[in-house]
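Here is a short note to read beside the structure. Take the points in order and find each residue as you go.

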Amino acid sequence: MFKAEHFHLIRGRKLAADDWVVVPELADSTGNVANGVSPAPTDANGKFFLLPLSGWLEQRQSLIAMKQSAGSPLGVWLAPTDDPALLEHDLALLDLIAVHFPKFVDGRGYSTATLLRQRFGYRGELRAFGDVGRDQLFYLARVGFDSFLISEGRDAAAALKSLDDFPESYQTAVDQAIPLFRRRDSQALA
Amino acid sequence: MYIYDHHDHAIVKARVAQFRDQTERYQRGELSDDEFRPLRLQNGLYVQRHAPMLRVAIPYGMLSSAQLRRLARIVRTYDRGYGHFTTRQNLQLNWPKLEAAPDILAELAEVEMHAIQTSGNCIRNITTDHFAGVAADEVVDPRPWAEILRQWSTFHPEFAYLPRKFKIAVSGTTQDRAAILVHDIGLQLVVDATGGTGFSVYVGGGLGRTPLIGKKIRDFLPWKHVLTYCEAILRVYNRFGRRDNMYKARIKILVKALGTDEFARQVESEWAHLKDSPATLTEAEVTRVASQFSAPAYAALPIVDISHQTKLIEDRAFARWVERNVHTHRVAGYAAVSLSLKSPGLAPGDATDVQMDGVAGLADAYSFGEIRVSHEQNLVLADVRQADLFDVWQAARTLGLASPTIGLLTDMIVCPGGDFCSLANAKSLPIAAAIQDRFNELDYLHDIGDLSLNISGCMNSCGHHHLAGIGILGVDKNGAEWYQITIGGRQGNAAQIGDVIGRSFAAKDVPDVIENLIETYLSQRLEGEMFVETVDRIGLQPFRDRAYEKAAPKHTPEMENV
């Protein structure tokens, strides 16, 4: 389900190599995280473990200690039903939060992202992964995602273009704190 | 009317380009059916029984004559010369080609129109009263608020993939004509004791499989908070609305499951974070938008026009039309006119390109170049001088738009049904035609008086059958088309869901059954009592007895319970 080699990453509006590997919800022999075993910083390919929320909550203390001693980055992924408020006090520790879209029509992740950015002030990398394609990127970027794991069989390079689908937006979102109606006059004068 | 500035134009143009690209990628096989479906739906494009269907947005039901002429040209060029006006004040094209859809959208964009979010699980067209701005009972003009909400909801990035579709209606009158109690959010404009404008907020109304009347979650929301408050409602819904079963995915199910108080508490708690953020509306914006809905240059006219009064006395047919199709206006000497799209021979709500062009001409000549679409699927000229009513009537007769039956039994709301719609269980248009046929006596219709009859071809209830004095619902019974009948429903402030009278009927029996229901009413009514009032007073049983005593076929299936 989460075979990273089939995906293409867009980060900072550029194609990029992905140095994370997703650890599924339940115990996984490589990640070990959900088993109470002390985690390794990377897998055999040198990729960092992206942990499910449950794994993070379970081993939070040892993972933080590992980051402090080895400097290895920390990443957590959220399912659509996961409450982002559970990460509220850990945000400064996290280098990556990824939000899973099991189907692209499941829009819960858009609210998850909005809350992480607007409500809780998360500033690190926020990634959309799962059923993620070109035609969702504009909205995903507006709610605060800055990295996108384009799913298998889709053209990530072509998908980049859609980040510029619209020149302007009416309403506020993470990317634009001021609604168009507060900017119309100033733009007309400019 | 709202006039686009360069931002509005740029946004709609970008949408046309985006959809053109998506359509081309679909045709090249780069997008699968599943990937393309939500994209085309959010551009109004369905795949229907015979051809795609394109639903064009008519924001809050307002059209300029230039826009209506463009719609006429579009149905002539890209379709079969007619379109279908819907209960949500939109226009549906029945026979466009998929590959032509981007061109149609480009034609629409030129006249400041679009098909954005007319379908799909997103925020749909914002609807309101078709007499907005001219109604005598108007407290606040709802149109600027509907436009402000339209802009806020257009391409809202967080709410494009909701659990299910989401409909918002705004009413600015004491008598609700926008059906706000059967919308996901119903906004009632109110003025408080200090003269401040605000909204009573209702959520969780809706028809369909589980018809429910909206619940009030706020008595008075000051106007400047309307966008942030809606955002809070939508966020709670987007996060917690059910996604496992499309029939239980509307916000009404969430409100019911949580309870109104708990739902309201969650909204208030979410809103506490959004209140007074930059998304809060400004006086300047409301003024900017409201200035585009300012009253037209009305002439100072006497309250009563003598020539009009004379014509009323001289011409019985004209007087009858005035009685049903002409409505009071807040400005002396003016009236609002309903042009009926319920003439026999055309499907209810349908209009031809010739009729559209004709109405555009009438609007230019008599009504400041503007037209409204009513949710009862008629057209309205909102600002006609009394002195011009006779000319308007004659022209409307020539166009086949002068059926003097507004609000009467044959002013039916009817969905396209099984003839067009792939969701339908049964046809609705032949039923409508048979009823039109049966009740073609004007004197009889006028004697029956105010009575709504609505027909839906399936449980999705596009024909609002639940809210009609007599509602007809098409049901599928082992592959055969049957019709279930409800009575006693109504729209407006006291909106009420009708009650099923019993087992369903075969298509051929429906006109008889309707006639039996009407006869029951006529024999039982008290002086001045309307159909639904008689139903309230005497209950279902007398209607039921009569309906089944005559029409019951021997091979009826058991009681419907759909």
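How many residue pairs are in polar contact between chain A and chain B?

1. The count is 23 residue pairs, with both residues at pLDDT 80 or more. Keep in mind that this is a predicted model.

2. Now look at the elements on the chain A side. α2 (108–119), α3 (137–142) and α5 (184–189) of chain A each give two or more residues to the side that touches chain B. α2(A) gives the most, with seven residues. By type, this side of chain A divides into 16 nonpolar, nine polar and 12 charged residues.

3. Charged pairs also cross the interface. The rule finds eight salt bridges between chain A and chain B. One salt bridge joins the side chains of B:Asp8 and A:Arg184, at 3.2 Å from N to O.

4. Next, the extent of the contact. Chain A puts in 37 residues and chain B puts in 47 residues. Together the two chains bury about 3,600 Å², and 56% of that is on carbon and sulfur atoms. In chain A, the residues that lose the most area to chain B are A:Tyr139, A:Tyr170 and A:Arg184. Together they make up 20% of what that side buries.

5. Turn to the second largest pocket. Its volume is about 1,100 Å³. The lining has 37 residues. Nearest the centre lie B:Arg177, B:Glu376, B:Gly407, B:Asp450 and B:Gln491.

6. What is this lining made of? It divides into 14 nonpolar, 15 polar and eight charged residues. In chain B, β11 (326–328) and α17 (531–538) each supply at least two of the lining residues.

Key: Residues are numbered from 1 along each chain as its sequence is written. Chains are lettered from A and ligands numbered from 1 in the order in which they are written. This is a predicted model: local features need pLDDT of at least 70, side-chain atom pairs count only at pLDDT 80 or more; totals for chains, interfaces and linings use all residues. Side-chain values use heavy atoms; hydrogens and water are left out. On a 1 Å grid over the protein atoms alone, a cavity is a set of points where a 1.4 Å probe fits but cannot get out, and a pocket is an open set with protein on both sides within 12 Å along at least five of seven lines; lining residues have an atom within 4 Å of a point. Grid points are joined across faces, edges and corners, and a volume is the space filled by probe spheres set on the points. Helices (H or I, at least four residues) and strands (E, at least two) are DSSP runs, numbered from the N terminus. Ala, Val, Leu, Ile, Met, Phe, Trp, Tyr, Cys and Pro count as nonpolar, Asp, Glu, Lys and Arg as charged, and the others, Gly among them, as polar. Contact means heavy atoms within 4.5 Å. Buried area is the accessible area (1.4 Å probe) that two parts lose on being put together, summed over both. A salt bridge is a side-chain nitrogen of Lys or Arg within 4 Å of a carboxyl oxygen of Asp or Glu. A polar contact is a pair of N or O atoms within 3.5 Å; within protein, one must be able to donate a hydrogen and the other to accept it, and residues adjacent in sequence count only if both atoms are side-chain atoms.
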